[in-house]
Amino acid sequence: AGKPGSKRAAIYIEKQFKEAGIRPFSSQYQQPFLISSYIDSRDQIGSTNVVAVIPGSDPKLRNEFVIVGAHYDGPGKTGDPNNIIRLRSSDREDQIWNGADDNASGVAALIEAGRILSSLQCKRSILLVAFGGEEFGNFGSMRFLQALPSSKDLDPFTAMVNLHMLGRGERRVTVLSTRTSKGWSSLVEGAARGVIKFRCPKEISETGDQASFYGRKIPAIKVFGGFHEFIYTPEDEVEKIDFPLLALRTRFVVRLVRQLANLEERLVWSGPAPPPQVGLQGADVGDQDAEVLGLPKGQGGIRVLDVMPGEAAARAGIQVGDVILQFGSVVLSRDGALAGMRDAIRESRKQSRVPIRVLREGKEVLLEIVWQER
């Protein structure tokens with residue numbers, strides 16, 4: 001995100017939508033936004049979502065939308081600001097994380113599924129979204145949701161399908177977060193029948209752009225190919241993509257989305273109550289940054305990149321550039337601070353007020369999160 005290659009990728013995706021005859025959702029395909037860099041929160045990094053729509057054919061249901069998404073940004077190369085967790089290549093000269101599977105394979109499936117679906121009649125409208133800024137913490141999907149109209153009544157956005165890393169692995173597909181609606185199981189089974197084997201783990205995935213939709217109780221799943229040894233390394237290259245498998249999984253996606261768009265009754269949220277929304281975006285503090293901040297060995301933190309107006313973080317006085325060191329009773333570790341904070345947030349639902357400790361301009365500051373009913 002923020003590099004010339006990202007801009008070229010967005011233009012390429014837009015061109016593919018245009019050539020397929022898929023029109024923009026609003027006046028233009030691109031939905032630009034800014035991200036604060038965790039290297040220096042004063043630096044603003046530009047990114048954009050690419051959003052297109054396939055209008056539904058039913059006069060009534062066409063005002064409801066099924067969202068299909070995939071993130072197109074990658075970690076870039078050595079020295080870029082969002083590749084702290086990336087692993088080295090066996091070839092020390094190879095400095096570029098190509099991201100062929102993570103997540104160019106998902107974007108390829110998004111484009112091809114859109115091309116096929118645009119030639120079919122579906123009752124509901126289908127939104128195709130290539131998200132930017134996912135590697136910084138789902139920024140694109142968060143910005144996308146902030147720009148969408150919100151209703152206290154029935155949300156016009158009925159379901160979300162996130163496509164992630166579909167180019168490698170066993171000849172099956174994993175569908176995560178089906179617990180967000182009781183209707184997912186039969187839909188997945190129907191889409192996979194005669195096409196591909198599938199598995200639906202019980203857990204609700206908190207990683208990936210689909211997680212941004214839980215807060216609005218929009219049933220959302222992640223269609224996932226699985227991890228492999230090349231993920232997060234420069235060796236995630238196009239030569240390692242299994243294209244017949246990618247095509248098979250894309251066929252499954254088309255069938256699944258078509259079913260969603262033609263349901264007589266929309267899916268109903270059946271997941272657990274969405275956790276309290278802190279209302280911030282952040283990134284794990286890496287070893288180099290931790291040394292500059294003077295953190296003791298093992299102490300981790302989350303550098304705040306953005307604070308959402310009106311949410312708990314803003315009410316507590318958290319600022320962009322703060323480094324969160326402790327949330328409630330949980331002191332954040334160097335290994336997986338974001339994951340630790342997610343666990344702490346879930347645990348803190350039992351309390352109405354939660355103390356937090358942040359580092360601001362070299363000094364520790366004590367603040368307090370106050371939860372409100374949503």
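Helix α1 (residues 4-19) and helix α2 (residues 100-117) pack at an angle of about 15 degrees, with their axes 10 Å apart. That makes α1 roughly parallel to α2, since angles under 35 degrees count as roughly parallel, over 145 as roughly antiparallel, 65 to 115 as roughly perpendicular and the rest as oblique. This is a predicted model, in which local features need pLDDT of at least 70 and side-chain atom pairs count only at pLDDT 80 or more, while totals for chains, interfaces and linings use all residues. Residues are numbered from 1 along each chain as its sequence is written, and side-chain values use heavy atoms, with hydrogens and water left out.

**How α1 meets α2**

- Tyr 12, Ile 13, Gln 16 and Phe 17 of α1 make the contact with Val 107, Leu 110, Ile 111 and Arg 115 of α2; contact means heavy atoms within 4.5 Å.
- Axes are lines fitted to C-alpha atoms, for helices over the stretch in contact, and angles run from 0 to 180 degrees between N-to-C directions.
- Helices (H or I, at least four residues) and strands (E, at least two) are DSSP runs, numbered from the N terminus.

**Helix α5 and its partners**

- Helix α2 also packs with α5, at an angle of about 50 degrees and with the axes 9 Å apart, so the two are oblique to each other.
- In this pair, too, α2 passes α5 in a right-handed crossing.
- On the α2 side the meeting residues include Ser 105, Ala 108 and Ile 116, and on the α5 side they include Leu 246, Val 253 and Arg 258.
- Helix α4 (residues 184-192) packs with α5 at an angle of about 135 degrees, the axes being 8 Å apart, and this pair is therefore oblique.
- The α4 and α5 crossing is right-handed, and among the residues in contact are Trp 184, Leu 187 and Val 188 of α4 with Phe 252, Arg 255 and Leu 256 of α5.

- Thr 250 is found in α5 and is buried, with a relative accessible area of 6% (buried means under 20%, exposed over 50%, partly exposed in between, using a 1.4 Å probe and protein chains only).
- Leaving aside neighbours within four places in sequence, Thr 250 is in contact with Ala 109, Glu 112 and Ala 113.
- Arg 251, also in α5, is partly exposed at 46% relative accessible area.
- Arg 251 and Ala 109 are 142 residues apart in sequence, yet 8.8 Å apart in space, C-alpha to C-alpha.

**The nonpolar cores**

- The largest nonpolar core has 48 residues, and Phe 17, Leu 163 and Phe 252 have the most contacts inside it (a core is a set of buried Ala, Val, Leu, Ile, Met, Phe, Trp, Tyr and Cys residues joined through side-chain atoms within 4.5 Å).
- Helix α5 (residues 243-262) gives the most to this core, with eight residues.
- A second, separate core of 22 residues includes Ile 318, Val 358, Ile 369 and Trp 371.
- Not counting residues up to four places away in sequence, the residues that Phe 252 touches include Val 173, Val 188, Ala 191 and Val 223.

**Cysteines**

- The structure holds zero disulfides, a disulfide being a pair of cysteine sulfur atoms within 2.5 Å.
- Cys 122 is buried, at 5% relative accessible area, whereas Cys 200 counts as partly exposed at 31%.

Technical notes: A crossing is left-handed if the near helix is turned anticlockwise from the far one by less than a right angle, and right-handed if clockwise.
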